[in-house]
2 protein chains.
Amino acid sequence: MAQVKPTLAKGTRDFSPVEMEKRNHIFNTLRAIFRKYGYNEIQTPSFENLSTLTGKYGEEGDRLIFKILNSGDYLAKASADLLADKNSLKLVPQISEKALRYDLTVPFARYVVMHQNDITLPFKRFQIQPVWRADRPQRGRYREFYQCDVDVVGSPSLLNEAEFVLIYHEALRALGLSDFDIKINNRKILSGIAEVIGKPELIVDMTVAIDKLDKIGLEGVNKELLERGFTDQDLTVLEPIILLSGTNTEKLEALKTVLASSSVGLAGVAELEEVFAYIAALDTTGEVLSNAVEVDITLARGLNYYTGCIFEVKTNEVQMGSIGGGGRYDDLTSMFGLKNLTGVGVSFGADRIYDVLEELGLFPEQSSATTQVLICNFEKSLERHTLPMVNRLREQGIAAEMYPEPSKLKKQMSYANGKGIPFVWLVGEEEVNTNTIAVKDMKSGEQVILDEAAAIEKIRSSLSLG
Amino acid sequence: MAQVKPTLAKGTRDFSPVEMEKRNHIFNTLRAIFRKYGYNEIQTPSFENLSTLTGKYGEEGDRLIFKILNSGDYLAKASADLLADKNSLKLVPQISEKALRYDLTVPFARYVVMHQNDITLPFKRFQIQPVWRADRPQRGRYREFYQCDVDVVGSPSLLNEAEFVLIYHEALRALGLSDFDIKINNRKILSGIAEVIGKPELIVDMTVAIDKLDKIGLEGVNKELLERGFTDQDLTVLEPIILLSGTNTEKLEALKTVLASSSVGLAGVAELEEVFAYIAALDTTGEVLSNAVEVDITLARGLNYYTGCIFEVKTNEVQMGSIGGGGRYDDLTSMFGLKNLTGVGVSFGADRIYDVLEELGLFPEQSSATTQVLICNFEKSLERHTLPMVNRLREQGIAAEMYPEPSKLKKQMSYANGKGIPFVWLVGEEEVNTNTIAVKDMKSGEQVILDEAAAIEKIRSSLSLG
């Protein structure tokens, strides 16, 4: 059999040790913070019944779901007519009954409905798992990527919204980011605006257009609004709203005036005020409210989905799309027959956050996930002296290994370098005879002769275990 | 649209918070130990090119691989004849070019070959990821389950084998198991035995038969050996080998006598002796060698794959198949054209270990992954007093939450119980006025009145943070 040079499936990636460590750094940081706020982890299976997923993501989404071919004689019951017509689309449900997870939201809704008798509401969960999409792969877009979602269902309290703002703030700070905006809006404010203009039926057109302010500017937005059925007179009303500026408090005051005639609009403003009051009560430094949160009424993200607050997070340190977003939805589980369960949640864009931290050099410089000490192997006869050393290092909780066979020093050093091992212990005949260790710091190149206790202490203190 | 009650795809499971925590307890324990021995984590994609996987697991394995249907008009280029014949088997490669990971070994081999220029040999990696098999689901057998593999490639040293024994020992001890056998054998010993009998060509038949000693007893083994082409005379030679007893040293001495005429057999014995010498040098307590390792020449596991040492781990505390196994293979990457790269590795059966720990009650009793303190919500007017408390708890690294809306105390208590929250802080009007907290221990039911500093201290000490 001729051997073919192996390749990765299109749009997928291997994660080598260094990448794994960086990704785990992000996930572990997020996990710890989610837990501190009372969120528990769950996982759902990688594939679901096809019927669970189809019809939930629109026509385009359905197309991008990876379907799994039935096992065995999958064509046995397939319609001969569809096969003869090569009708790919209609044949799918006859030869595939399972599909790969497309996002974490629909499986979570399925989970909540199936476990409604075991879980205590409000149910606060987070979930960090890969999802798969048959998108055309391109730079930064993969067919397998991780999503990272935090949601609570069954609690209408706006305290949840406030805590998501704090979670974003604490998480991004913990990852080393310092300049970012947590943008917040409310679907009810958008409804109120459409109502005030007298075109509530055009709310989607309106938000789709003003959502593009960043990209196409006011002129572009106005042009699009006119195309979508708004009049010049409407633009006169909308313009000051779109260009709303000032502090959050000033924006909310201005909105109250504009939305005076819309009870839904005023309810939206009141919700944001309550969220801000909760943030102020929780964050006694005032830091979050004054620096990180920004009312942005052009923010619309998946409008047909969200019913209350809407969030989006952007970093100002790197050119990058949003690194997170979310909001409140009142109808998540109704797709599976469980009505009136309110939920609110946010997600973190792990791949983008990875790229941001990489670009800013914010990953921890010293690796804690790799071997800390390599003991060189000069000759087999010395192993009985050095092997117990390896063991004693490990007993101290220090990741240690001996080069597994006697080999040229250069090769062993290049092994240490390749693996990012910070310290090499050189224990040759002379060191054995004098009961010492030559400890080489691989970064500085410095080498010192120490006894074992001092050598261990040096490693411990470099790891802050001391 | 009629809503269908959602179900899980056959053979898959959700992992609720409690199960996630238990599984993470196993994985985190293993991860920490793998790292301490110098192994780094990698991950490979969930799906591979179909051609990477087919032909690697035998005909039965190929059948059990989950294939992913091509996206778009997948029938366009399919053969009309195969479609008309409903030839499911031959159509697969025409409508599917990707498949779900079936194990971690083949993707690892693919990884090593593709990254051979970036990795420094010896390459020590571990990998903990789900795999998928289209098996008929049954009790304890799932279509999605985790594998947990540790391997080193590019090092012939038997120090690696010795360290895998220590890894097994340390990991199972860390998980709370106390009575288990790490069985060890060597392919070369099996070859030697077949050689001594004069039937080297029957080595597979021999090992398949004697591997069943546990299940069918000596009589059954003998019967099978006769059926498989051995003579009564052969049985006379084999019997004392199969029934070999005594200490490991005694067994190896006996084998040296039996295998005196077989150089390959003697080489196998010498390898085990060297592994034991390495274990003795590393484990100065002698505990591992005297209590945990057992030479078992009936052990054969995937003989055609392993070329040197073979491992298998069994617990004696619970009725359960092997909870781990592995060995040395000399030909892992040749399937992808990279020859002469030796490797050795072991795997942990995470699902079985989970069941064992569950049955023995060995999972940590106190949850560290859930909220530690719930602050009750009596009325909205008190929130401004209690919310900063939540914040101060979190600043101490304590997972804390306030019940998000004022609600009946009974409901809040049942929330705490459902979530396994160990402490509830009751802060009503009286407590606010006296600046105190009623701290309720949910396990003992005991309730004490403390000031905030003492209340935090109580939580910290219960978490051993104090």
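How many Å separate the centres of domain 1 of chain A and domain 2 of chain A, taken over C-alpha atoms? The answer is 51 Å. Chain A is split into domain 1 (27–41 + 108–360) and domain 2 (368–462), with bounds that come from an automatic or database domain assignment.

Before going further, keep in mind that this is a predicted model: local features need pLDDT of at least 70, side-chain atom pairs count only at pLDDT 80 or more, and totals for chains, interfaces and linings use all residues. Residues are numbered from 1 along each chain as its sequence is written, chains are lettered from A and ligands numbered from 1 in the order in which they are written, and side-chain values use heavy atoms, with hydrogens and water left out.

Let's start with a sheet in chain A. Five of its strands make an open sheet with mixed pairing, in the order 13-12-14-15-16. Helices (H or I, at least four residues) and strands (E, at least two) are DSSP runs, numbered from the N terminus, and two strands pair if DSSP finds at least two bridges between them. At the edges sit strand 13 (400–402) and strand 16 (447–450) of chain A, each pairing on one side only. From one strand to the next, the twist averages 25°. Strand 15 (residues 437–441) of chain A pairs with strand 16 of chain A in the antiparallel sense, over four bridges. Look there for A:Val439, which stands opposite A:Val448 in strand 16 of chain A.

Helix 17 (residues 409–419) of chain A lies across strand 12 (373–375), strand 13, strand 14 (423–426) and strand 15 of chain A, and runs at about 155° to strand 14 of chain A. Axes here are lines fitted to C-alpha atoms, for helices over the stretch in contact, and angles run from 0 to 180 degrees between N-to-C directions. Contact means heavy atoms within 4.5 Å.

Now for a pair of helices. The axes of helix 10 (residues 213–227) of chain A and helix 11 (residues 232–242) of chain A come within 9 Å and cross at roughly 160°. That makes helix 10 of chain A roughly antiparallel to helix 11 of chain A (angles over 145 degrees count as roughly antiparallel, under 35 as roughly parallel, 65 to 115 as roughly perpendicular and the rest as oblique). Among the residues making the contact are A:Leu218 and A:Val221 of helix 10 of chain A, and A:Leu235 and A:Leu238 of helix 11 of chain A.

Most residues other than glycine have a negative phi, and most peptide bonds are trans. A cis peptide bond joins A:Leu121 and A:Pro122, with omega about -5°; A:Pro122 is in the loop between helix 6 (105–114) and strand 5 (123–132) of chain A. In chain B, a cis peptide bond joins B:Leu121 and B:Pro122, with omega about -10°.

Phi is positive, near 60°, at A:Asn340, in the loop between strand 10 (324–329) and strand 11 (343–348) of chain A. A:Asn340 is exposed, with a relative accessible area of 74% (buried means under 20%, exposed over 50%, partly exposed in between, with a 1.4 Å probe and protein chains only). A:Asn435 has a positive phi too, near 55°, and counts as exposed at 56% relative accessibility.

Finally, visit B:Gln147 in strand 6 (residues 144–153) of chain B. B:Gln147 is buried, with a relative accessible area of 15%. B:Pro130 is 17 residues from B:Gln147 in sequence and 6.0 Å away in space, C-alpha to C-alpha.
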